[in-house]
Amino acid sequence: MRLATYSASDGSDRLGLVVDDERLIDLAAAAPEESAFASMLAFIDGGTAARDRATRELERLDRNGSEPAPALVPLADVRLRAPIPHPRRNVFCVGMNYRSHVDDNARALGMRADVGDVPLFFSKPTTAVVGPGDPILLDERLTAKLDYEVELAIVVGRGGTWIPESQAFEHVFGYTIVNDVSARDLQWRTSQMFIGKGLDSYCPIGPWIALAEPAAGNADAPPFELSCLVNGEVRQQDTSANLIFPVARIVAELSKGLTLEPGDVIATGTPGGCGYQLQPPRFLAVGDVVECRAEGIGSLVNPVAPWSPEAVSRRDAMEVAR
């Protein structure tokens, strides 16, 4: 099951159940009495009952072949938003979590290829979040080294703290894609990555959330084949099966003394092949198009556009309208 947030014709955000590559069900239109269908966060808060109700809507479509208008919506007619357009708090991120990234980083920067004993965590502010098709803003006053990072992201369902690895998947709602956009010159000027990775538009998320299937015992997340393309050229390619710290370990480590909340987003790290790791380095420029793919989830595409007061004003106006 895949769930999306999209903009309706009146500018409001709607929760959609993706049926196939061509259609989605507007869940609030299909079941207006269901409060859990008001938004993605409301759905996550609704737990198993919300998921069961959405499953019934999908089964009804399978039986009848149609949904009452305007509940069945062509995907081609909607503008997808970030699945959670306004996260309740910062997006959590994991650094240096693929051996390919560790090795490429060491070669590019002349460092030792060391892997820590615990995950390296940092965060991006909610103002960095944008959705599919939204521009990544390049502010040339701040950076000449804008870079891409395709990442599998976890969406937390049930909150908790001190979550054992064996119970981690009881807390995973689903998976999506994050592009951990990074201004390398800002990132490297201090020991903290927050500014270099946290500017407006530096956290594209989407295109939707693929709901997790129950995992038993010590089983980990299913492997997702990841790739990042710039202007159609493959720059990154790896599988999440190669995560140094897998999903269950990430959830367990992050929740030690830090309460995870429903709707939290955790980006799990990027493989090698970032722009700064290429010979010669190749950074993003205005006009480039970045596509992040995860087999089994979908494709997240964002153009690179110049920063301008008008671009920021348009973005702010859209957010206020919602």
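Predicted model: local features only at pLDDT ≥ 70, side-chain atom pairs only at ≥ 80, totals over all residues.

Colleague: Which residues line the largest cavity?

Modeller: The lining consists of P83, I84, V155, T176, I205, I209 and V265. By class, six of these residues are nonpolar, one is polar and none is charged.

Colleague: Now the open spaces. How much space lies in the largest pocket?

Modeller: About 640 Å³. Its lining has 33 residues. Nearest the centre of the pocket lie G95, M96, L120, Q187 and M193.

Colleague: Which element gives the most to the lining of the largest pocket?

Modeller: Helix α3 does, with four residues.

Colleague: How does the lining of the largest pocket divide by class?

Modeller: Count 15 nonpolar, eleven polar and seven charged residues.

Colleague: On to strands. How do I read a strand pair, and which way do β18 and β19 run, parallel or antiparallel?

Modeller: Look at the bridges and at the direction of each strand. Strand β18 (residues 289-294) and β19 run antiparallel, joined by six bridges. Within this pair, C292 stands opposite L300 in β19.

Colleague: What is found between β18 and β19 in their hairpin?

Modeller: Three residues lie between the two strands. In this hairpin, G296 takes a positive phi near 95°.

Colleague: How many bridges join β9 to β19?

Modeller: Three. Strand β9 covers residues 136-138 and β19 covers residues 298-306, and the two run parallel. Here L137 stands opposite A305 in β19.

Colleague: Next, the rings. How many aromatic pairs are there?

Modeller: Ring pairs are read from two values: the distance between centres and the angle between planes. A pair needs centres within 6.5 Å. By this rule there are four aromatic pairs. One of them is F43 with F173, at 6.0 Å centre to centre and 70° between the planes, which makes the pair edge-to-face.

Colleague: Why does the pair of F43 and F173 tie together parts that are apart in sequence?

Modeller: F43 lies in helix α2 (residues 40-64) and F173 in strand β12 (residues 172-179), so the pair links parts that are 130 residues apart in sequence.

Colleague: Are F43 and F173 buried or exposed?

Modeller: Both are buried. F43 and F173 also form one aromatic cluster with F37.

Colleague: What kind of pair do Y175 and F224 form?

Modeller: A tilted one, with 5.2 Å centre to centre and 50° between the planes. Y175 lies in strand β12 and F224 in the loop between β14 (203-211) and β15 (225-230), so the pair ties together parts 49 residues apart in sequence.

Colleague: Are Y175 and F224 buried or exposed?

Modeller: Buried means under 20% relative accessible area. Y175 has 3%, so Y175 is buried. F224 has 7% relative accessibility, so F224 counts as buried too.

Note on methods: Residues numbered from 1 in each chain as written. Heavy atoms only, no water. Pairing = 2+ DSSP bridges. Phe/Tyr/Trp six-rings, centres within 6.5 Å; stacked < 30°, edge-to-face > 60°. Buried < 20%, exposed > 50% of the residue type's maximum accessible area, 1.4 Å probe, protein only. 1 Å grid on protein atoms, 1.4 Å probe; cavity = no way out; pocket = protein on both sides within 12 Å on 5 of 7 lines; lining within 4 Å. Points joined across faces, edges and corners; volume = space filled by probe spheres on them. Nonpolar A, V, L, I, M, F, W, Y, C, P; charged D, E, K, R; others polar.
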